[in-house]
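Hi,

Here is the structure I promised to pass on. Have a look, and my notes on what turned up follow below.

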Amino acid sequence: RNSLALGDRNRSLSIFEDLLARFPDDQAGRAEYAGLLVQVNRLDDAIIAFKILVLANPDNMKNRRRLADVLIQTRRYSEAESHLISVLDNNPSDIESALMLARVHAWQKEYEAATEVYRRYLRGLDSTDEITKRLLAPLLLDTQHPEEALSFLQDLYGSNPNDVVVVADLIRCHTQLANHRRANELVTTLANVVPQAIGVRLSLAGYLANVGNYRAAIRVYDQIANADPNNLAARIGQAELYLAAMMPTRASEILLDRRLNQGDSTFLTAKAELHMLIGE
């Protein structure tokens with residue numbers, strides 16, 4: 001913990017690993033170790049650590065929920081779904097888990113299942129409450145109901161224009177409504193809103209790229225690069241966008257960066273796309 005407090009994550013991880021080798025049944029230590037793995041983006045290792053915890057104590061719903069969160073980050077939605085269902089079976093009033101389960105269904109285009117989760121767990125929520133608006137707006141966007149999400153998000157943005165999650169969701173909302181000018185204006189605004197919120201921007205950039213707004217996505221990746229020049233996920237994302245925009249020279253400049261993990265599947269896919277684009 002001292003090493004972590006001093007910013008030396010690698011030393012902290014090394015000590016945790018040594019301790020767990022000597023005391024493999026220490027669940028509290030393993031839980032801290034798993035959380036640290038998430039912080040350093042070693043998500044596959046974090047999943048293994050959380051699975052060990054869940055196997056050792058299947059009734060610990062906190063660890064199940066944390067495992068589901070990491071599985072969602074790695075897009076292993078069907079696995080996350082089973083753990084979220086277990087959490088809700090244990091505590092049907094866990095609103096955040098219910099919302100996440102509904103969103104997992106929506107991400108897999110299982111809209112009927114998402115609607116059923118909403119009816120079963122969420123229908124009685126007070127939609128005038130600010131916390132509820134924050135929870136429901138992303139679900140409405142995921143289930144393709146931007147008109148309903150817009151009123152919630154406008155209220156939230158009016159009361160707190162510096163909430164990076166609200167701004168990002170409002171950009172998604174206007175994009176779904178084909179209000180592209182307003183979405184692009186908000187991307188400009190986002191540059192001055194909590195620059196250190198890298199995860200929110202990575203998710204937004206991926207969304208904008210998927211819907212074909214490459215220019216806005218590149219601008220969001222640029223914001224990430226300004227805040228964290230060493231963020232390699234953003235670098236790969238930029239390269240993929242330049243390839244989609246038929247700009248192989250710009251993509252090649254990024255993919256020559258030796259810091260990139262050249263064994264990573266996203267890097268290899270981007271390299272393959274580059275070679276296809278230039279006829280190799």
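Setting aside neighbours within four places in sequence, Ile-171 is in contact with Ala-183, Leu-186, Val-187, Leu-190, Leu-204 and Leu-208. Bear in mind that this is a predicted model. Ile-171 is also among the residues with the most contacts inside the largest nonpolar core, along with Leu-153, Leu-208 and Leu-255. That core has 82 residues.

Leu-153 brings us to α10. This helix has 14 residues and reaches 20 Å from its first C-alpha to its last, close to the 20 Å expected at 1.5 Å a residue. Its buried residues are Pro-146, Ala-149, Leu-150, Phe-152, Leu-153, Leu-156 and Tyr-157. What covers the buried residues of α10 includes α9 (130-142), α11 and α12 (180-190).

Now for the packing of α10 (residues 146-159) on α11 (residues 164-176). Their axes are 10 Å apart, at an angle of about 145°, and the crossing is left-handed. On the α10 side, the contact is made by Pro-146, Ala-149, Leu-150, Leu-153, Gln-154, Leu-156 and Tyr-157. From α11 come Val-166, Val-167, Asp-169, Leu-170, Cys-173, His-174 and Gln-176. Sorted by class, this contact has ten nonpolar, three polar and one charged residues.

Which helix holds Thr-132? Thr-132 is found in α9. Its relative accessible area is 8%, so Thr-132 counts as buried, the cut-off being under 20%. Beyond its neighbours within four places in sequence, Thr-132 is in contact with Leu-125, Asp-126 and Ser-127.

The other one is Glu-81, in helix α6 (residues 77-90). Is Glu-81 buried or exposed? Glu-81 counts as buried because its relative accessibility is 18%, and the cut-off is under 20%. Again leaving out neighbours within four places in sequence, Glu-81 is in contact with Leu-101, Val-104, His-105, Gln-108 and Glu-110.

Cheers

Definitions and conventions
Residues are numbered from 1 along each chain as its sequence is written. This is a predicted model: local features need pLDDT of at least 70, side-chain atom pairs count only at pLDDT 80 or more; totals for chains, interfaces and linings use all residues. Side-chain values use heavy atoms; hydrogens and water are left out. Axes are lines fitted to C-alpha atoms, for helices over the stretch in contact, and angles run from 0 to 180 degrees between N-to-C directions. Helices (H or I, at least four residues) and strands (E, at least two) are DSSP runs, numbered from the N terminus. A crossing is left-handed if the near helix is turned anticlockwise from the far one by less than a right angle, and right-handed if clockwise. Contact means heavy atoms within 4.5 Å. Ala, Val, Leu, Ile, Met, Phe, Trp, Tyr, Cys and Pro count as nonpolar, Asp, Glu, Lys and Arg as charged, and the others, Gly among them, as polar. The expected span of a helix is 1.5 Å times one less than its number of residues. Buried means under 20% relative accessible area, exposed over 50%, partly exposed in between (1.4 Å probe, protein chains only). A nonpolar core is a set of buried Ala, Val, Leu, Ile, Met, Phe, Trp, Tyr and Cys residues joined through side-chain atoms within 4.5 Å.
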